[in-house]
Amino acid sequence: MKTFKKRGALTHFQILSEISKQDPHLKQKDLAKSLGITIQAVSENIKTLIELGYITSKDGRSPYKITQAGIDKVKRDAISLRKYTDSVLETMNHYKTIWPAIADEDLKQDDVVGLYMSNGVLYAHKKEENATGVVMEDAEAGRDVSLTNLTGIIDMTVGEVTVIIVPTIKDGGSKASDLELIKTIFENGTNSGAKIDKVAVAGTVARAIATILDIKIDIEFAAPQATANAARKGLNVIAICVGDMSKAFIRELENEKIKFNIIDGGK
């Protein structure tokens, strides 16, 4: 779509389109609000359009009037935009949504398979499930398989998160942490008794505690977001975080409406 490749071309088209509506009360602040740009940007673009002869104005202020040259430009650009969107829509009509899964057994092209979640991973097999898909290419057991025509609802429960807040290094770090309590929580699981699937840490002290307790770390970077994502996929997560780092976890979990429990990991 060459018409809009030039810097500011789309903004010019939008401003000319608004002015062409012949609203005598149209102000720069109205254009800025409508287009989602600053008043200064509107002013600079209008100055350019006046210089190009597409609109006329007294002292660069409203009322603005579109010239015949401006009308011709809007028509050309609108036709170009319509052709582009038509081509996109035509492409999308032929586009086939593809989903990846892990083949739980050998699968053949065009097999109708059942889909289920296990440990946060989507699997496909020939058994009946509430959600189904169609295999696009042959796949051996354990390999990734491409699926289309997904229907139904994948059976999946949202996991729980246990947030353990441990002291900062200024407050004693791991030495001031209740290591026995943290180990017990990890071994006993969530409040409902479900096992812990993943362990997240945030902060050097939290990492040190996991190492001391010989607990494998699964999530360390972008931990609040990754923790919420894991819980959405049905995994139960224990998140060991230092001091105020817990706020990021709480905010993310609340936004995603994920059930969580907060525990003071200090002595």
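**Charges.** The mean positions of the 36 positive and 36 negative charges of the chain lie 12 Å apart. I counted Lys and Arg as positive and Asp and Glu as negative, leaving out His and the chain ends. Each charge was placed at NZ of Lys, CZ of Arg, CG of Asp or CD of Glu.

**Ground rules.** The model is predicted, so local features need pLDDT of at least 70 and side-chain atom pairs pLDDT 80 or more, while totals for chains, interfaces and linings use all residues. Residues are numbered from 1 along each chain as its sequence is written, and side-chain values use heavy atoms, without hydrogens and water.

**Fold and extent.** I found 8 helices and 11 strands in the chain. These are DSSP runs, helices (H or I) of at least four residues and strands (E) of at least two, numbered from the N terminus. The radius of gyration, taken over C-alpha atoms, is 29 Å. The C-alpha trace spans about 80 × 60 × 25 Å along its principal axes.

**Burial.** I checked how many of the 267 residues count as buried: 37%. Buried means under 20% relative accessible area, with a 1.4 Å probe and protein chains only.

**Thr-67.** I then went to the loop between strand E2 (61-66) and helix H4 (68-94), where Thr-67 lies. Thr-67 counts as buried because its relative accessibility is 18%. Beyond neighbours within four places in sequence, Thr-67 is in contact with Gly-53, Tyr-54, Ile-55 and Thr-56. Contact means heavy atoms within 4.5 Å.

Conventions:
The radius of gyration is taken over C-alpha atoms; the globule rule is 2.2 Å times the number of residues to the power 0.38. Buried means under 20% relative accessible area, exposed over 50%, partly exposed in between (1.4 Å probe, protein chains only).
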